[in-house]
Amino acid sequence: MTGFVRTIDAPKLSPPKGEVGLIHTLRHRVFNSAIGGVLAIAIAALLFWTAWTIIDWAFFRGVWTAPDRELCNAEGAGACWPFIKARSLQWVYGFYPSAERWRVNLVYLIGAISLAGLMIPAIPFKTWNALFFFLLYPVIAFFLLLGGKFGLTLVETEQWGGLLVTLVLSVTAIVVSAPLGILLALGRRSEMPIVSLLSTIFIETVRGVPLVLVLFMAANMFPLFMPPGVNPDKLLKAVIGTSLFASAYMAEIIRGGLQAIPKGQYEGAQAIGLSYWKSMGLIIMPQALKVVIPSIVNNFISLFKDTSLVTVVGLFDLLGIVQTGFNDPKWASAQTSNTGYFALAVIYWAFCFSMSRYSQFIERKLNTSHKR
Amino acid sequence: MTQQSDDQRNSSAPVRGGVDLLYSPKLRGIVSQLIVLLLLAGGIYWIVTNTQANLVKLNQNFGFDFLNKASGFDLSTSLIQYSSDSTFSRALLAGFYNTALVSILGIIFATIIGFIVGVMRLSKNLVVSSAATIYIEIIRNIPLLLQIFIWYALVLKPLPGTKQAINFFDTVFISNRGIIAPHVIFGEGSWISVTLLISALIGTWVFRRWSRKRQEATGQILPAWWISIPIIIAAPILGLLIAGWPLIWDYPVLSGFNFKGGVTLVPEFIALFLALVIYTATFIAEIVRSGIIAVSHGQSEASHALGLDNGKTLRLVVIPQAMRIIIPPLTSQYLNLTKNSSLAVAVGYPDLMYTAGTVNNQSGKAIEVYSIALVVYLTTSLVTSLLMNWFNARVKLVER
Amino acid sequence: MKFLKSLIIASLFGLSAVAANAATLDDVKTKGFIQCGSNPGLTGFGVPDDQGNWTGFDVDFCRAIAAAVFGDATKVKFSPLNAKERFTALQSGAIDVLSRNSTWTMSRDTTLGLTFAAVTYYDGQGFMVPNKLNVKSAKELNGASVCVQTGTTTELNLADYFKANKMEYKVVAFEKNEEVLKAYQEGRCDVYSTDQSGLYAEVLKFTNPGDHMVLPEIISKEPLGPVVRQGDAQWFNIVKWVHGAMLNAEELGVTSKNVDEMKASTNPEIQRLLSVKVKNPDGTDADNDFGKGLGLGPDWAYNIVKMVGNYGEVFDKNLAQLKIARGKNALWSQGGLQYAAPIR
């Protein structure tokens with residue numbers, strides 16, 4: 001019996017004209033309505049104009065080689081790139097003596113390798129790596145950078161600067177704020193009223209005041225509250241200030257993670273007889289921390305951006321060191337500061353954008369494991 | 001530790017009571033809290049004695065008397081009458097008003113731009129949505145302080161000097177001294193206008209309540225907006241007409257170096273305001289976007305099925321539901337904007353942080369001045385949180 | 001529990017430290033360097049180069065203190081401070097001495113808990129205007145916008161000057177000097193005002209230095225000098241006498257080049273300055289050590305002159321590049337105001 005069952009596929013037809021490709025996209029996703037089309041043209045024009053202005057200024061009118069400010073100062077000159085070239089090493093190392101810069105490079109390198117190991121999911125030994133990065137690496141970096149021991153010459157923190165200070169500040173603050181933030185978050189959720197009240201007061205106070213104020217007080221007023229003669233290093237004071245600040249934000253992030261853990265988990269931990277610290281350390285925290293990793297990365301991004309505020313209290317971080325360059329009589333021109341700020345914006349953007357991409361990636365990755 | 005206690009518990013019954021007491025969570029809680037409290041009290045005592053000793057060594061004493069001294073310095077812009085003869089406390093007050101000005105205006109505009117961009121990012125139009133994405137991804141990844149510096153350079157550079165100021169009909173002038181606009185002085189009889197405005201506001205509020213009730217009862221919709229807005233606009237004008245138009249306009253006039261009269265928005269304010277608004281709007285846009293995405297797709301489909309167009313669906317169905325998700329993170333953005341306004345020091349806009357610094361410098365009372373600043377910022381944060389919590393409670397889902 | 005115990009011990013230890021109340025000199029000697037508050041960038045007075053080496057008149061003064069205390073002019077660390085931060089930093093103890101062209105005023109001596117140790121530079125506030133403004137005198141500045149650095153006496157003098165001359169003005173004040181310069185050059189204000197030495201120093205950083213001129217008026221007295229905390233007479237004396245030694249050295253013709261030969265001088269004033277032991281007629285040494293009274297070694301002044309130089313040398317080394325003449329800062333014997341008490 002022959003049925004009307006077709007055994008051969010019908011020939012494949014190409015989609016109707018105007019339903020694929022650029023034309024389709026333009027028709028349906030740009031000029032789908034009159035207002036939309038006009039808006040699209042206006043916005044596109046604005047975007048192109050902005051992009052063109054920047055490109056024209058940076059490339060076509062830009063000054064590429066010059067011994068000093070003469071050329072950059074000419075009428076109609078664009079970006080003053082030789083200034084960047086002359087200063088770029090200082091931006092990365094600050095006033096770190098050139099003979100000792102390999103130490104900074106080594107610290108950057110170890111950090112990059114360890115961080116890559118932590119961030120790329122396929123690489124094993126996560127726990128060991130994390131322990132190394134959060135416990136051992138800061139110690140190694142500290143001795144390598146400061147020196148004065150193991151035959152390394154002492155390099156005072158006054159000589160640190162630029163990207164080095166920015167990274168030291170933000171990485172230390174995030175590393176210090178993790179345990180402090182966990183303690184504060186647990187404290188705030190604690191059933192002991194005094195502990196919970198004190199943690200809440202600390203968190204809300206720190207979150208309620210501007211970082212500039214905290215930094216000013218740390219840099220200039222801290223010794224007033226200490227016994228005479230106690231006066232930590234200026235960079236250390238800034239680190240303390242930013243770390244306290246970061247830990248309050250970290251505490252709120254971790255508290256959010258703790259709240260996301262179902263109550264059954266707490267009860268389950270109690271039911272099998274775990275003590276408070278054991279149930280936190282073995283059951284709750286591992287789950288909560290996993291949930292909040294993207295938020296922690298975001299917190300790190302804002303911390304990284306916020307470290308630029310230490311310029312206001314006279315530390316030479318990346319922004320600060322770029323600004324001191326503007327004062328150099330050799331390079332002071334009408335375009336110097338514009339070029340400096342533009343380059344800085346690109347550098348900061350590259351750092352923060354890649355981190356935020358990573359945070360989104362990890363968020364997607366973690367999400368799948370929680371899908372039901 | 002726990003293992004040990006279990007063993008003890010099982011083996012030796014007589015000491016059981018004592019062990020129980022030692023390991024009772026309640027007692028341990030009280031004891032550890034007492035320890036924390038003691039440590040804290042000790043720490044505070046230690047800090048206070050240190051500070052006292054340090055102050056005594058400097059022949060300084062703690063006190064707020066200095067606030068009544070003449071400040072001796074001028075401020076570039078102030079909302080209240082202020083000169084170098086005013087007191088330190090007035091300088092701080094002027095600074096606070098400047099902080100409030102830039103924060104409130106910043107919050108309003110950042111919210112508007114943030115909502116627009118957030119909705120734009122979800123637009124089906126490819127150009128519109130990608131423009132929003134580019135804006136967000138560029139701006140929020142650059143430190144605010146750097147943006148303030150960049151804006152200040154961008155604002156100052158193209159603006160002409162006072163003599164070549166951009167002139168709008170001799171009333172508004174734009175130059176590198178800022179935007180100078182006529183200043184209006186309300187003369188006698190203006191109270192009539194104010195009273196009428198207030199009664200118009202109350203009247204329209206009552207009217208709108210009534211029209212909503214009527215809509216619920218009868219289904220008829222009154223164009224409440226189109227009736228109330230003209231009333232609100234017309235009422236104060238009517239009042240002014242009755243009083244014989246008592247407005248005195250103080251027009252800016254170029255004399256010598258500068259414009260005289262009028263009100264000035266200084267470039268420092270403009271740069272700070274732009275930077276704050278444009279930076280914060282990116283975060284608000286992301287909050288709005290995630291809030292809208294979180295509203296179930298069925299809601300907008302149902303709304304379309306009911307025959308509401310895109311705009312109405314967004315306005316009447318999606319946004320009200322999204323607000324519940326949006327408001328808590330929006331609050332923290334408002335707080336961030338207020339705190340970030342303290343970066344005014346970078347461009348010399350005399351906000352609270354700036355004036356506190358100057359007052360401290362002239363009076364030498366660091367602890368007093370900065371504790372005032374601390375308390376003011378904290379209170380502002382607290383009040384903003386409370387206001388937003390109240391608003392949040394209003395829009396919260398009412399569950400059965 | 002161990003942690004708690006150590007915390008308690010630490011706080012108790014801290015409490016006892018309050019009673020100890022160490023003097024600045026002892027403090028400085030224990031930590032091995034002097035923390036000196038400096039200008040973050042004023043050419044000629046205190047500015048770091050691109051290697052982070054500080055140069056300048058005020059900075060050299062700190063080096064001189066280090067030379068006197070340690071016999072090593074490099075044992076000094078610099079904290080760049082804004083005008084607004086400087087006194088708080090000194091009050092709190094974040095720095096040991098402030099040498100950052102700060103003006104000696106009565107209220108700073110009496111209400112800040114600080115005290116000015118010496119006047120190392122006599123200055124006065126001046127105005128700078130663009131040439132194209134066609135202003136010849138500060139009296140023509142009615143209604144002008146003036147760029148200044150906030151937290152300075154400049155800001156206060158300005159208010160006084162315009163009030164006294166019944167003129168109006170608009171202040172545009174910034175925290176950092178660079179911002180003041182930038183705003184002035186962008187045309188944000190008509191006038192730039194600071195100490196006259198500062199005007200000469202800053203004009204070098206201008207994009208077009210030739211387009212600006214300094215007005216003839218000097219509207220204030222600005223005695224600039226190092227500042228220390230009150231209540232530490234020994235440290236105050238050290239800072240004061242470092243200046244004294246530098247001036248006396250110049251007066252006596254002792255320079256960093258000839259100081260070694262000068263040790264053989266028979267001039268009793270030089271002998272006292274350099275603590276040269278003199279032989280009594282009976283053959284024993286007579287003590288000529290003036291460092292002892294300061295708590296310093298006998299070579300204190302020798303080290304200052306040898307390692308840093310006398311007052312005139314330091315002045316010329318740092319300020320000649322700005323084409324600043326000695327003027328009021330010449331020695332009293334040459335018609336200036338720099339006059340130090342004798343060492344005896």
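In chain C of this predicted model, 72% of the contacts with a separation of 6 or more are between residues 24 or more positions apart. So let me stay with chain C for a moment and go through how that chain is built.

Chain C has 13 helices and 15 strands. Of its 344 residues, 53% are buried. If you follow the C-alpha trace along its principal axes, chain C spans about 75 × 70 × 40 Å. What radius of gyration does chain C have, against what a compact globule would have? The globule of 344 residues would come out near 20 Å, and chain C has 23 Å, which agrees.

Now let's look at one sheet in chain C. Five strands make up this open sheet, and their order is β10-β9-β11-β8-β12. The pairing in the sheet is mixed. Which strands sit at the edges? They are β10, residues 169-174, and β12, residues 212-214, of chain C, and each of these pairs on one side only. On average, neighbouring strands in this sheet are turned by 30° against each other, ignoring direction.

If you'd like one pair of strands to find on the screen, take β9 of chain C, residues 144-149, and β10(C). These two run parallel and are joined by six bridges.

One is α6 of chain C, residues 153-164, which touches β8 (125-130), β9, β10 and β11 (191-195) of chain C. The direction of α6 makes about 155° with that of β9(C). The other is α7 of chain C, residues 177-185, touching β9, β10 and β11 of chain C. For α7 too, the angle with the direction of β9(C) is about 155°.

In general, most residues other than glycine have a negative phi. C:Lys166, though, has a positive phi, near 55°. Is C:Lys166 buried or exposed? It counts as exposed, because C:Lys166 has 7 C-beta neighbours inside 10 Å, and the cut-off for exposed is 12 or fewer.

The second one is C:Ser275, again with a positive phi near 55°. C:Ser275 lies in the loop between α11 (268-273) and β14 (278-279) of chain C. This serine counts as buried, because 21 C-beta neighbours lie inside 10 Å of C:Ser275, where the cut-off for buried is 20 or more.

Let me move over to chain A. The domain assignment for chain A gives domain 1, residues 96-155, and domain 2, residues 173-365. The C-alpha centres of these two domains of chain A lie 20 Å apart.

One residue I'd like you to look at here is A:Ser177, in helix α6 of chain A, residues 163-189. With 26 C-beta neighbours inside 10 Å, A:Ser177 counts as buried. What does A:Ser177 contact, leaving aside its neighbours within four places in sequence? The residues are A:Ser243, A:Ala246, A:Ser247 and A:Met250. A:Ile283, by contrast, is 106 residues from A:Ser177 along the chain, and their C-alpha atoms are separated by 21 Å.

Finally, the chain contacts. Between chains A and B, the contact takes 43 residues from chain A and 40 from chain B. On the chain A side, the elements that each supply at least two residues are α1 (21-29), α2 (34-60), α7 (193-208), α8 (211-221) and α13 (336-370). The largest share, 10 residues, comes from α13(A). By class, this side of chain A has 31 nonpolar, 10 polar and two charged residues.

Then there is chain B against chain C, where 36 residues of chain B are in contact with 37 of chain C. On the chain B side, α3 (25-57) and α12 (352-363) give two or more residues. Here α3(B) provides the largest share, nine residues. And how do the residues on this side of chain B divide by class? There are 11 nonpolar, 21 polar and four charged.

Methods:
Residues numbered from 1 in each chain as written. Chains lettered and ligands numbered in written order. Predicted model: local features only at pLDDT ≥ 70, side-chain atom pairs only at ≥ 80, totals over all residues. Contact = placed C-beta atoms within 7 Å. Helix = DSSP H or I, 4+ residues; strand = E, 2+ residues; numbered from the N terminus. Nonpolar A, V, L, I, M, F, W, Y, C, P; charged D, E, K, R; others polar. Rg over C-alpha atoms; globule rule 2.2 N^0.38 Å. Domains from an automatic or database assignment. Pairing = 2+ DSSP bridges. Axes fitted to C-alpha atoms, helices over the stretch in contact; angles between N-to-C directions.
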